[in-house]
Amino acid sequence: MSIKINDKPNRLYPDWVPIAENEPSGDDFEKANRPEYGYCILSKSHFGPGDVLARIYGGIIKDDPELHTVQKRPGVHIYDEWFTGLVLHSCDPNTYFNPDEETFVAIKAINPKDIVTCDYQLTEDNLVRAFECKCGATNCRGLMLEQLRQLDH
Ligand SMILES: [Zn+2]
């Protein structure tokens, strides 16, 4: 892809976030509000299993989980209210978050209009609050508890 000088990239991140080549692009994703789920991220592109959807901005670190964080490792939580924090949980998700690379990777085919999902239990030791999962998967866990993982793991 060539970037022309006068092209303003279609960004999901605010202007003060340094532009990164693999950041989530507004060409590939859009923020949506669904009555049943609230805010979420919709794909605008096709991805296949193994494809990297995007590398997130990892510049804001919190000590504790918040609504819009993803856990990189215990005590290190990346704050991203513009993309990551809007990715919905599913018990049968279409992506996973790679905490070392800070990327979302497709594990299924993703098509335009699909909601981008990941399994919070794979990254988070604790949630800010418990919630009733409505993902609709046959393997849905139902209630997602605040403490997802034992502390002695
Ligand atoms: Zn579920």
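Colleague: Which residues touch the most other members of the largest nonpolar core?
Modeller: Ile41, Leu53, Phe83 and Val116, out of 22 residues in that core. A nonpolar core here is a set of buried Ala, Val, Leu, Ile, Met, Phe, Trp, Tyr and Cys residues joined through C-beta atoms within 7 Å; buried means 20 or more other C-beta atoms within 10 Å of the residue's own, with C-beta atoms placed from the backbone. This is a predicted model, where local features need pLDDT of at least 70, side-chain atom pairs count only at pLDDT 80 or more, and totals for chains, interfaces and linings use all residues. Residues are numbered from 1 along each chain as its sequence is written.

Colleague: Which strands supply at least two residues each?
Modeller: β3 (52-55) and β9 do. Strands are DSSP runs of E, at least two residues, numbered from the N terminus.

Colleague: What is Ile41 in contact with, leaving aside neighbours within four places in sequence?
Modeller: Phe29, Lys31, Phe83, Leu86, Val87 and Val116. Contact means C-beta atoms, placed from the backbone, within 7 Å.

Colleague: Switching to β9, how does β8 pair with it?
Modeller: Antiparallel, over four bridges; pairing needs at least two DSSP bridges. The two strands form a hairpin with four residues between them, and Glu102 in the turn has a positive phi of about 60°.

Colleague: What is the bridge partner of Phe97 in β9?
Modeller: Phe104. Phe97 is on the covered face of β8 with Thr95, while Tyr96 and Asn98 are on the uncovered one.

Colleague: And in what order do the three strands of the open sheet come?
Modeller: β4-β6-β5, antiparallel. β4 (61-62) and β5 (69-73) each have a single partner strand, so one side of each is left without a neighbour in the sheet.

Technical notes. Buried ≥ 20, exposed ≤ 12 C-beta atoms within 10 Å, placed from the backbone. Contact = placed C-beta atoms within 7 Å.
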